[in-house]
Amino acid sequence: MTWKRNILLAGAVLLASGGLAQAEMVATTVNDLNVRAGPGPQYPAVGLATRGSTAVLDGCIEGSRWCRVDVNGMRGWVYADYLQVDRGGSPVIVEQHRAEIGVPVVTYESTASVVPVDPQPAPGDELLGPVGAVETITPPETVRTYIETNPGQTVQLGGDVVVGAEVPADVTFQSIPDYEYRYTRINDRPVLVDPGTRRIVYVYQ
């Protein structure tokens, strides 16, 4: 029994407020998004959940957009803005309808060696959701070459850097010669942005 106890004490502990077993809540990812080891962008990604993936939703932290899910064999945390569930035959975004669909409340505890959770970035300092409809693009190689030879300063924002997320108004974009989209770096990741909608249209890996 000692080795089991040590394993439990070494990592983060998830506590559900619902008590005993309850029916699983199934959600669908509305875009590609990172599944993170903890409820915050400061935690490492454990993998990528592709758009349309089915996820079992354990619950979300009260007062936060972060939710614990099982998806594609991964267990971790994602933004509620990027999850949808079926409600009366119509898909609804989890973050916008948490009370109506009865999303369970969960908490997160970590050891002192883990960066403290900041589940709710300051207003205006985060990527905005829910994800809007964005046409998939394949940028030419010349665009990547231009970005690599003209690196700009990175901007640190809360939330996942995914296609469809809206970039805050105070973030400036760089023009790319003979190309309709603009470029910026968010959380050290180069992205292409539609200057009209300010939505991310491509994320360089």
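Q: To begin, does Arg-182 count as buried, partly exposed or exposed?
A: Arg-182 counts as partly exposed, because its relative accessibility is 25%. Buried means under 20% relative accessible area, exposed means over 50%, and partly exposed lies in between, with a 1.4 Å probe and protein chains only. Please note that this is a predicted model, in which local features need pLDDT of at least 70, side-chain atom pairs count only at pLDDT 80 or more, and totals for chains, interfaces and linings use all residues. Residues are numbered from 1 along each chain as its sequence is written, and side-chain values use heavy atoms, with hydrogens and water left out.

Q: Which strand holds Arg-182?
A: Arg-182 lies in strand β12, which covers residues 182–186. Strands (E, at least two residues) and helices (H or I, at least four) are DSSP runs, numbered from the N terminus.

Q: Which residues is Arg-182 in contact with, leaving aside its neighbours within four places in sequence?
A: Among them are Phe-173, Ile-176, Val-191, Leu-192 and Pro-195. Contact means heavy atoms within 4.5 Å.

Q: And what does the side chain of Arg-182 reach at 3.4 Å?
A: The side chain of Arg-182 reaches the backbone oxygen of Glu-180 at that distance. This is a polar contact, that is, a pair of N or O atoms within 3.5 Å; within protein, one must be able to donate a hydrogen and the other to accept it, and residues adjacent in sequence count only if both atoms are side-chain atoms.

Q: What is the order of the open sheet of four strands?
A: The order is β11-β12-β13-β14, and the pairing is mixed. Strands β11 (154–155) and β14 (199–203) stand at the edges with a single partner strand each, so one side of each has no neighbour in the sheet. Two strands pair if DSSP finds at least two bridges between them.

Q: How many bridges are there between β12 and β13?
A: There are five bridges between β12 and strand β13 (residues 189–194), and the pairing is antiparallel. Within this pairing, Arg-185 stands opposite Pro-190 in β13.

Q: Where in the chain are Trp-77 and Tyr-108?
A: Trp-77 is in strand β7 (residues 74–79) and Tyr-108 is in strand β10 (residues 105–109), so this pair links distant parts of the chain, 31 residues apart. Trp-77 is buried, at a relative accessible area of 0%, and Tyr-108 is buried too, at 16%. Ring pairs also link Tyr-43 with Trp-77 and Tyr-108 into a cluster.

Q: What about β8: which strands does it pair with?
A: Strand β8 (residues 83–87) pairs with strand β2 (residues 25–29) in the antiparallel sense over two bridges, and with strand β9 (residues 90–93) in the antiparallel sense over four bridges. Thr-29 stands opposite Leu-83 in β8, while the bridge partner of Val-85 is Val-92 in β9.

Q: And how many residues lie between β8 and β9 in the hairpin?
A: Two residues lie between them, and Gly-88 in the turn has a positive phi of about 65 degrees.

Q: Which residues does the disulfide join?
A: The disulfide joins Cys-60 to Cys-67, with an S to S distance of 1.9 Å; a disulfide is a pair of cysteine sulfur atoms within 2.5 Å. The disulfide is right-handed because the torsion about its S-S bond is about 90 degrees. Both Cys-60 and Cys-67 are buried.

Q: Finally, how many helices and strands are in the protein chain?
A: The protein chain has three helices and 14 strands. Of its 205 residues, 42% are buried.

Key:
Phe/Tyr/Trp six-rings, centres within 6.5 Å; stacked < 30°, edge-to-face > 60°.
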